[in-house]
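Subject: the structure I promised

Hi,

Here is the model we talked about.

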Amino acid sequence: MTNFFDQLPEPAKQSKLQFLKHVYRGFRPIVNKKFTVESYPDLTNKICIITGMNTGIGYEVVDILLSKNCTVYGIVRTESKGKAAKETLLAKNKDTKGALSIIAGCDLSDFNSVKQTGLKIQELLKGKEVDFVIHNAGLMSNFNDRSNADGIELMFATNVMGPQLLQAYIDPLFLTEKKSENDLKRIIWLSSLAHMAGPSPYGFNQKDPKYLDVKSRPHSSTLYGQSKASSILQAKAYGIRHQTDEKYGIQSVSVFPGILTTELARDYPGFVQKFWNLAFYAPKFGAYSELYGCFYPDLKTGDYVIPFGAVDTPRQDINSALENGVCLKFWDYVQEEIKDYLPKN
Ligand SMILES: NC(=O)c1ccc[n+]([C@@H]2O[C@H](COP(=O)([O-])OP(=O)(O)OC[C@H]3O[C@@H](n4cnc5c(N)ncnc54)[C@H](OP(=O)(O)O)[C@@H]3O)[C@@H](O)[C@H]2O)c1
């Protein structure tokens, strides 16, 4: 039986030295002191769509975006959490010339709910143009046996398939000409140092990235790693498939925000969470990484941003997927898997 990913080209060899450098930099990131919040442009009349902003890094990103007068649409799963975040964020940013609207009910692992959210976004933003999209929401599960209603491994459904589907609904509002030559338009796909733990080669399981066979699933860290390696492939592939640079002046980049004391480790044992909170960095530092991805002028499509504001090369075999067409094959695979939910036109 042939497989979608049969006969992929030979990837570059992985390097232990690169692995050690990445881990060191992940644990001991450098704060970019040259490109700071003060360097970001004023965002009056600019529109940003961001997922998972009710807590963690997303919340801090929106805090900064509002302080820069951005009009933000926050896509969240739980309405009450979205409303609570909105209230505190607007109280903190009383003088903003921007705005914050919450679109709730988006469970990224449930493709029907993603489709309904996509339609809602299209209706609410009709006639508007989106400048920034941040696929921030994500799940790092401690369990390898969790699946969505279709039996798809939960982190692959949530972190990879859901965002690619949601983006298809945002595209008509985003793939438009820039308002002026100097404007920035960016799309951010959240990755992680954990991409290093994705399956070899290329970061995803070429037999079945959805891991439908629960018994064959590896450790949850490999599954999370796969989902975060996928974001690196998606960033480059989205740019190529839509010719974002050439046609729209849009750069599509992946971002490892840093290791941060958010709710991400929520389903890990208490002692892991305690260690995590003692050892790592405040969520606002993750916002600096994401916003470096949005605002640093000299980024190109496919760049992999590392904390807290720099560019590096991802794991070498995954990096070769960005050059030899494998990222496009991966994108097309996901597209095929979500085809029943994609917009009709
Ligand atoms: N924190 C880190 O150390 C770190 C490191 C590397 C990468 N990242 C990445 O950074 C991003 C933000 O994470 P964070 O650290 O801010 O984590 P967080 O505090 O746990 O926030 C995650 C957000 O994603 C949302 N979310 C989770 N599953 C969802 C689903 N099925 N549908 C819709 N929304 C969902 C959560 O909504 P609810 O509140 O409703 O659950 C929450 O708003 C993630 O993509 C994560 O993988 C984080």
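What share of the contacts in the chain with a separation of 6 or more comes from residues 24 or more positions apart? It's 77%, where a contact means two C-beta atoms, placed from the backbone, within 7 Å.

Two caveats. This is a predicted model, with local features needing pLDDT of at least 70 and side-chain atom pairs counting only at pLDDT 80 or more, while totals for chains, interfaces and linings use all residues. Residues are numbered from 1 along each chain as its sequence is written.

On the fold: the chain has eleven helices and eight strands (DSSP runs, H or I of at least four residues and E of at least two, numbered from the N terminus). An open sheet of eight strands runs β3-β2-β1-β4-β5-β6-β7-β8 with mixed pairing; strands pair if DSSP finds at least two bridges between them. β3 (99-103) and β8 (310-312) are at the edges with a single partner strand each, so one side of each lacks a neighbour in the sheet. β1 (residues 47-51) and β2 (residues 71-75) pair in the parallel sense over five bridges, with C48 opposite V72 in β2.

Then the ligand. Of the 28 residues around the ligand, G52, G56, A137, G138 and T262 come nearest (near means a C-beta atom, placed from the backbone, within 6 Å). Helix α2 (residues 56-67) gives the largest share of that shell, three residues.

Cheers
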